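Here is a short briefing on one structure. Keep the sequence and the 3D view open as you read.

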Amino acid sequence: MRSRFDEQLNILNTEMIEMGALCEEAIALASKALTTGDVALAENVSVISADIDHKERDIEARCMKLLLQQQPVARDLRQISAALKMITDMERIGDQAEDIAEIITYLEGRTAEETVHIRDMAAETISMVTDSVDAYVKKDTELAKAVIVHDDKVDEYFDRIKGSLIKMIAETPENGEYALDLLMIAKYFERIGDHATNIAEWVIFSVTGEHKNS
Amino acid sequence: MTSKIFRSIFATSLVVLLATLAIITTFLYDYFTNIQINQLKDELSIASVGTEQSGKEYLEDLKSDNFRLTWVDSDGTVLFDSQADKATMDNHLDREEIAEAFETGKGSSSRHSATLTEKTLYEAALLADGTVLRISVNRLSGLTLLLGMMTPVIIVIIIAVIISAVLAHKMSKRIIEPLNKLDLDNPTENDAYEEIAPLLRRIHKQNMKIERKAAELNRRKDEFELITKNMREGLVLLDKNRNILTINSAATIILGTDEKCVGNEFLTINRRHEITSAIEKALTDGHAEIRVKLVEKEYQFDISRIETDGETVGAVILVFDITEQADAERLRREFTANVSHELKTPLQTITGSAELMENGLVKQEDMPRFVSHIREEATRLVTLVEDIIRLSQLDEQTELPKENVSLYEIANEACGVLRDSADKKDIALTVSGDGGNICGVKHLLFEVIYNLCDNGIKYTPDGGKVEVNIAETEKDVTLTVSDNGIGIAPQHHARIFERFYRVDKSHSKKSGGTGLGLSIVKHSVQYHGGKISIQSEENEGTVITVFLPKDE
């Protein structure tokens with residue numbers, strides 16, 4: 001019985017990693033589309049986002065089944081409940097990557113200018129998502145804590161980008177729409193950073209049983 | 001073992017007990033019945049005589065508690081009964097023993113009472129007057145007897161259980177002890193039971209076999225580990241559930257993990273979609289190949305399915321570092337593209353000019369200009385082809401004769417050739433330093449200095465200066481060519497030695513040159529085992545230093 005349960009937990013773990021990998025891929029693709037202005041790339045993001053949604057439902061069903069059939073306790077229960085919370089954040093990351101991709105299609109091939117630090121912000125966010133998934137894979141609370149700290153950096157980038165976009169609108173008012181689109185993208189990246197932080201917090205919870213907000 | 005022995009002992013004693021009981025009971029019961037019947041018969045014959053002589057009075061006098069007498073008339077009516085009132089008794093003609101007595105003179109039977117607890121024995125005899133006298137006695141039935149013996153039997157059974165348990169415990173202990181003390185590592189050295197000697201010999205043989213196999217396996221494992229450890233390629237073995245079975249050190253470095261990942265899923269060490277889907281493809285189709293960039297380096301993943309008896313048991317992943325190969329491929333592609341472009345441009349000018357002349361579209365006075373165009377471009381082509389030949393010679397790495405040469409002299413020679421073009425641009429071309437004696441290939445070293453100075457002159461505005469300095473240290477000879485020209489931005493430094501690479505992307509022909517000069521310099525210096533360093537900023541001149549080792 002136990003071995004079957006372990007097997008099920010393993011499958012859950014694998015699926016979580018797969019979902020995490022999909023999130024990384026979605027946001028990496030969105031960021032690449034942003035740097036190259038390649039609309040075709042941006043359209044691929046929605047395909048991945050659909051995969052992520054699908055995966056979320058799969059994992060949710062699996063977690064429910066495990067909770068009902070095995071009635072897990074202690075560490076196993078934490079792992080499953082943390083998984084249930086994490087997939088919500090992962091799904092949101094997928095959605096936001098899709099939103100970014102959608103805005104990129106409105107930019108009509110314009111890419112993020114280097115003076116606006118949106119590329120750096122994207123890179124930072126990607127590394128946050130990667131680290132949070134890594135922390136889950138390795139059950140590494142130190143890495144998870146690093147991710148939480150890292151979020152401040154992304155927030156800082158957002159403020160900086162906001163500042164330079166205000167300047168851009170003031171200097172070249174005809175760029176107003178473009179600047180606003182970039183601001184939206186930056187906001188989405190900032191949100192993705194927050195979701196990565198949430199994931200990291202749940203990783204810590206599943207390992208130690210303590211959640212930051214409790 | 002104990003319980004088994006207990007069961008055997010208990011069962012045996014129980015069976016013996018019950019069998020004895022049954023046999024004895026049956027025998028004794030039959031024996032006493034016979035005695036009783038004989039007694040009854042005797043009594044009956046005495047009573048018959050008495051009754052025949054004195055009738056009812058005799059019977060009434062003969063009151064006895066031991067048996068019951070019944071006198072029955074020939075029509076079945078009871079004339080007398082010693083224990084019951086004759087009036088209440090019904091006709092006895094149908095009773096078995098009485099009927100028999102009327103017929104044959106003597107009758108006997110036995111009947112169980114309604115409750116089966118008692119058995120009544122009857123004997124009857126026909127008297128001379130035609131009546132029948134019957135005598136009967138009650139006795140307990142066999143069943144009642146048995147029931148009565150129940151208590152002692154149960155006590156005996158309980159005693160048997162206790163004795164069996166104690167005996168079983170002791171016996172099993174005695175039997176088991178030598179078995180428990182068997183030394184299975186050295187089975188032949190035991191002297192327990194003779195009966196298990198063959199088993200022990202067998203175990204001994206098996207032990208030896210296992211030891212040999214284990215040694216063999218260990219040796220193979222060591223061999224395998226030694227081989228995989230020293231492989232430069234990464235090697236990962238997966239089972240069919242994508243769990244890692246083996247990973248060699250090269251693979252741990254490439255994938256950025258450690259040996260602890262063995263047993264986990266491959267997904268936990270790398271979750272790149274390309275790789276996981278390639279593994280999936282290999283497991284279904286048998287083979288997959290992908291190129292993946294991991295941390296600045298390009299790797300090729302060759303994944304093959306492992307099958308035994310047509311069943312998938314896992315996959316083997318081989319990882320090659322193809323960074324250099326990929327770079328070389330890119331360079332070759334660029335070179336081919338560049339060389340065709342560079343060769344085509346002058347040829348197009350030549351054919352264009354020649355066509356115009358052929359069709360008589362060129363005025364007589366323009367003729368010399370066109371002809372010189374053709375000549376210039378042809379010369380360019382020749383230089384280009386010469387450069388390419390030189391480079392390919394250097395690529396071939398053919399052994400060229402080395403001699404003792406003085407760099408200073410070569411530098412003077414090269415500058416002598418370039419003096420004219422330097423003068424044209426009013427550039428001061430100077431050579432300083434001394435000696436610089438090394439063992440090398442003269443014309444290659446000449447090319448180095450010539451090309452560096454030529455570049456210096458080309459990329460220095462009119463009135464500038466180009467300085468060549470030769471210096472010696474303990475180990476090397478340093479050749480420094482510096483100018484105060486337009487300089488090179490740092491991001492180009494790494495690439496200017498590539499074939500046909502130009503800082504100015506427009507491939508401007510203004511400055512001339514083939515784009516191969518620095519490439520030739522690089523190869524020539526490499527041929528001598530030297531190094532080149534460059535120091536330059538845009539608009540701040542360029543200093544190129546060549547270090548050539550003295551002793552070779």
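The points below go through a residue at a chain contact, a sheet and a helix. This is a predicted model. Start with A21(A), which sits in helix α1 of chain A. Then move to chain B, where five strands form an open sheet. Finish at helix α12 of chain B, which is largely enclosed by the rest of the structure.

- A21(A) counts as buried because it has 21 C-beta neighbours inside 10 Å. The cut-off for a buried residue is 20 or more.
- A21(A) and V129(A) are 108 residues apart in sequence. In space, their C-alpha atoms are 9.4 Å apart.
- Set aside the neighbours within four places in sequence, and A21(A) is in contact with R271(B) and H273(B).
- Across the two chains, seven residues of chain A are in contact with five residues of chain B. The chain B side is made up of one nonpolar, two polar and two charged residues.

**The sheet in chain B**

- Strands of a sheet pair through backbone hydrogen bonds, either parallel or antiparallel.
- In chain B, the five strands run in the order β7-β6-β10-β9-β8, and the pairing is antiparallel.
- The edge strands of chain B are β7 (244–247) and β8 (287–294). Each of them pairs on one side only.
- From one strand to the next, the twist averages 20°.
- Eight bridges link β8(B) to strand β9 (residues 297–308) of chain B, in the antiparallel sense.
- Look for V292(B): it stands opposite Y299(B) in β9(B).
- Helix α7 (residues 273–285) of chain B packs on the sheet. This helix touches β8, β9 and β10 (311–321) of chain B. The direction of α7 makes about 170° with that of β8(B).

**Helix α12 in chain B**

- Why is helix α12 of chain B largely enclosed by the rest of the structure? Nine of its eleven residues, 517–527, are buried, so the rest of the structure largely encloses the helix.
- Among the buried residues of α12(B) are G517(B), L518(B), K522(B), H523(B) and V525(B).
- What do the buried residues of α12(B) pack against? They pack against α9 (367–396), α11 (442–458), β16 (531–536) and β17 (542–549) of chain B.
- Just after α12(B) comes G529(B), which takes a positive phi of about 75°.

Notes:
Residues are numbered from 1 along each chain as its sequence is written. Chains are lettered from A and ligands numbered from 1 in the order in which they are written. This is a predicted model: local features need pLDDT of at least 70, side-chain atom pairs count only at pLDDT 80 or more; totals for chains, interfaces and linings use all residues. Helices (H or I, at least four residues) and strands (E, at least two) are DSSP runs, numbered from the N terminus. A residue is buried if 20 or more other C-beta atoms lie within 10 Å of its own, exposed if 12 or fewer, and partly exposed in between; C-beta atoms are placed from the backbone. Ala, Val, Leu, Ile, Met, Phe, Trp, Tyr, Cys and Pro count as nonpolar, Asp, Glu, Lys and Arg as charged, and the others, Gly among them, as polar. Two strands pair if DSSP finds at least two bridges between them. Axes are lines fitted to C-alpha atoms, for helices over the stretch in contact, and angles run from 0 to 180 degrees between N-to-C directions.
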